[in-house]
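Dear colleague,

I am handing over the model we spoke about, and I would be grateful if you could look through it with the notes below beside you.

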Amino acid sequence: MTSEPFGDLIDRCRAAEEDLVRRWRADVAASLRGRISEIELDKELREILDAVLSSMSAADGADTRSSAYGEVRALLVDLSRGRALQGFSPRETAISVFALKKAVRESVGVGPEFTAFSDVIDELGLFTFETYTKAREEVISNQAEQLLELATPVVKLWQGVVALPLVGTLDSARAQVVMEKLLQTLVDTGSEYAIIDITGVPAVDTQVAQHLLKTIVAARLMGAECIISGIRPQIAQTIVALGIEFGDIATKATLADALLLALGRIGVDVTAEMSKRGL
Amino acid sequence: MERLPILKIGQMLLVSIQVDLRDDMVVALQEDLADRIVETGARGVVIDITALDIVDSFTGRMLATMAALSRVLDADTVVVGMRPAVAITLVELGLSLDGIKTALDVERGMRLLSLAGGSAR
């Protein structure tokens, strides 16, 4: 009942299944260096081998996109996704499939029908690799999204004073998010002073400065004043070297200085406030 | 034609823009404002744009013109209640409205004007 292109290869594989799986597992395990347990691997590979052999006997030819290979594809998707999420390299993932060829060659032997078998395995290997890359891209885009979410907390320092501690590099997309969040917070809290703290920004170039200036001008249009704080010595050097002009925008070395400036402008008497709250 | 109301509160005039602005309304508003400042001898103008959610360069220039107009007639102008999206749009359009005072809401705007006016008189 074997289909034409593979001859009796499938039957011979079935007969030598134990030996085949043992060789295959040994090769794969060597490349994975013990990061997946033997038992787990054994189960995984047996499932795949079984699916591959039954698909080959069911299918008319070597077209791995046909429905006969559906089960194999599903198993390989699981395998490559799992590998991608666990942080295995592309080579370590692809070898799980390609090592089957070597195992078959050694335990069953090479016949004229081996070429057709080899083609199928190549196709399946490529499919695995494709899925692996897709899974990796998903991981990356998820992380980028999470980064954007966690990157912009606006904190209230005092009645009428909010602070925006910036951490990490500011690109256009992030700057836009930061800008909108800050301006919205100004409206929501009715704050007249915003302190933008750039202690956590590793480098300030003309683009970052441009984003900062735009945010500050927009805040001014809404009737709020911005103070830039946390300018480190090297950053100050870069700003001067690049010829960036902050004009009449208040800049302070530390967040503490900026807060004092804001409190002074609002006219807050800190000692009076403390005694009022019984501190 | 529909005209925007200009309210007198003490020594100040309050223009509250509550509807979508058409260009002819803007021109009429400028004329009315100049008339009212002369008529009442107001020392300050508060322009409330809280309800304005779409701006273009014409609206931006309108604000600048009204401020310049009031200044010539010896009245300070404060633009209040600008929305974040509007502010971002104006900045992207390159209109930073230099020389115009701004405040977060009408109350703060009026306080700002009375502070500035108090020292002048």
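What follows is an account of the interface between the chains, then of each chain in turn.

Please bear in mind that this is a predicted model, in which local features need pLDDT of at least 70 and side-chain atom pairs count only at pLDDT 80 or more, while totals for chains, interfaces and linings use all residues. Residues are numbered from 1 along each chain as its sequence is written, and chains are lettered from A, with ligands numbered from 1, in the order in which they are written.

The interface

Across the interface, 16 residues of chain A are in contact with 14 residues of chain B, two residues being in contact if their C-beta atoms, placed from the backbone, lie within 7 Å. On the chain A side, the elements that give two or more residues are α7 (172-189) and α8 (206-221), and α7(A) supplies the largest share, 6 residues; helices (H or I, at least four residues) and strands (E, at least two) are DSSP runs, numbered from the N terminus. By class, this side of chain A has 9 nonpolar, 3 polar and 4 charged residues, where Ala, Val, Leu, Ile, Met, Phe, Trp, Tyr, Cys and Pro count as nonpolar, Asp, Glu, Lys and Arg as charged, and the others, Gly among them, as polar.

α7(A) packs against helix α3 (residues 84-92) of chain B at an angle of about 135 degrees, with the axes 9 Å apart; axes are lines fitted to C-alpha atoms, for helices over the stretch in contact, and angles run from 0 to 180 degrees between N-to-C directions. The two helices are therefore oblique to each other, given that angles under 35 degrees count as roughly parallel, over 145 as roughly antiparallel, 65 to 115 as roughly perpendicular and the rest as oblique. In this contact, Met179(A), Glu180(A), Leu183(A), Gln184(A) and Val187(A) meet Pro84(B), Ala87(B) and Ile88(B), and the residues divide into 6 nonpolar, 1 polar and 1 charged.

α8(A) also packs with α3(B), at an angle of about 125 degrees and with the axes 8 Å apart, and this pair is therefore oblique as well. Lys214(A), Val217(A), Ala218(A) and Leu221(A) of α8(A) make the contact with Ala87(B), Ile88(B), Leu90(B) and Val91(B) of α3(B), a set that divides into 7 nonpolar, no polar and 1 charged.

Chain A

Chain A has 11 helices and 5 strands, and buried residues make up 30% of its 279 residues; a residue is buried if 20 or more other C-beta atoms lie within 10 Å of its own, exposed if 12 or fewer, and partly exposed in between, with C-beta atoms placed from the backbone. Helix α9 (residues 233-242) of chain A is hardly covered, the count of buried residues among its 10 residues being 0, and α9(A) is followed by Gly243(A), whose phi is positive, near 75 degrees.

Chain B

In chain B, an open sheet of 5 strands has the order β1-β2-β3-β4-β5, with mixed pairing, two strands being paired if DSSP finds at least two bridges between them. Its edge strands are β1 (6-9) and β5 (101-103), each of which pairs on one side only.

Asp74(B), in the loop between α2 (57-72) and β4 (76-80) of chain B, has a positive phi of about 60 degrees although it is not a glycine. Asp74(B) is exposed, with 11 other C-beta atoms within 10 Å.

With best regards
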